[in-house]
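Student: Could you walk me through reading pockets, strand pairing and ligand contacts in a model? I would like the general idea and then the case at hand.

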Amino acid sequence: MSTDPAVRERRLVVASQNPGKAREIARLLSDWEVSSLADHPPVDFPEEGGDYAENARVKARTAARAIGLPCVADDSGLEVDALDGRPGAYSARYGGPGLDDEGRWRRLLEELGGTPPPRTARFYCVAALAWPDGESVVADGECRGRILEAPKGDGGFGYDPVFAPDAGGGRSMAELARHEKDAISHRGRALEALAARIAERDA
Ligand code: IMP
């Protein structure tokens, strides 16, 4: 049995400052009682500078220590084969600080301008759960697909309008219903694997 009462009671905090991600993580943890960063005193996160796993762990640990409850965070990104895996862990900062989500995917389409199909890519996610004592578990997930030549759909967030998952029947990620994205997404897979790790730890 877990010695942590919050985990026993299935209470945790979704430690993401990205509203699109936070929404998805909360949805994917629907059998937990989740709260968001907005429900707790502000957390001062350090700059990200490591690889996905390091960044996810640091975010989850920083929030868990500050809030005193188990916290889940993810670090994720889009890796485009024709760009040797860029923008990768820098996906949120691709193109510089002045761009929003649409500015970033437009920039990506420009950079890929002359690249013929198939413009293969994957979304990758590492999810971490950290406890207030600093202990943590991580798990990862990927979703393979292609970069479209033009955006489609208005669901999701980030690069979803220009990414067509292989399992999406030709639709972009932004055209999938929420439950469809959750079933095949990098984040859905990472959180499913994370839940299994937590269950093993608590067995
Ligand atoms: P970070 O994990 O906070 O460094 O940010 C990851 C970035 O990758 C996001 O800001 C998005 O630009 C991109 N990204 C990650 N997951 C998704 C997704 O599910 N859809 C679209 N873009 C994503």
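**Strands, pockets and a ligand**

Tutor: Let us start with a strand pair: R146 stands opposite A164 in β7. This is a predicted model, where local features need pLDDT of at least 70, side-chain atom pairs count only at pLDDT 80 or more, and totals for chains, interfaces and linings use all residues. Residues are numbered from 1 along each chain as its sequence is written, and side-chain values use heavy atoms, with hydrogens and water left out.

Student: How many bridges join β6 to β7?

Tutor: Two strands pair if DSSP finds at least two bridges between them; strands (E, at least two residues) and helices (H or I, at least four) are DSSP runs, numbered from the N terminus. Here 3 bridges join β6 to β7 (residues 163-165), and the two run antiparallel. Strands β5 (residues 120-130) and β6 (residues 136-147) are also antiparallel, with 11 bridges, and R122 has R144 in β6 as its bridge partner. These two strands form a hairpin with 5 residues between them, and G134 in the turn has a positive phi of about 100°.

Student: What volume does the largest pocket have?

Tutor: Rolling a probe the size of a water molecule over the atoms shows where empty space is left. On a 1 Å grid over the protein atoms alone, a pocket is an open set of points where a 1.4 Å probe fits, with protein on both sides within 12 Å along at least five of seven lines; lining residues have an atom within 4 Å of a point. Grid points are joined across faces, edges and corners, and a volume is the space filled by probe spheres set on the points. The largest pocket comes to about 720 Å³. Of its 29 lining residues, N18, K21, E48, K59 and A92 are the closest to its centre. β3 gives the most to this lining, with 5 residues.

Student: Which residues come nearest to the ligand?

Tutor: A residue is near a molecule if one of its heavy atoms lies within 4 Å of it. Of the 17 residues around the ligand, K21, S76, D160, K181 and R187 come nearest.
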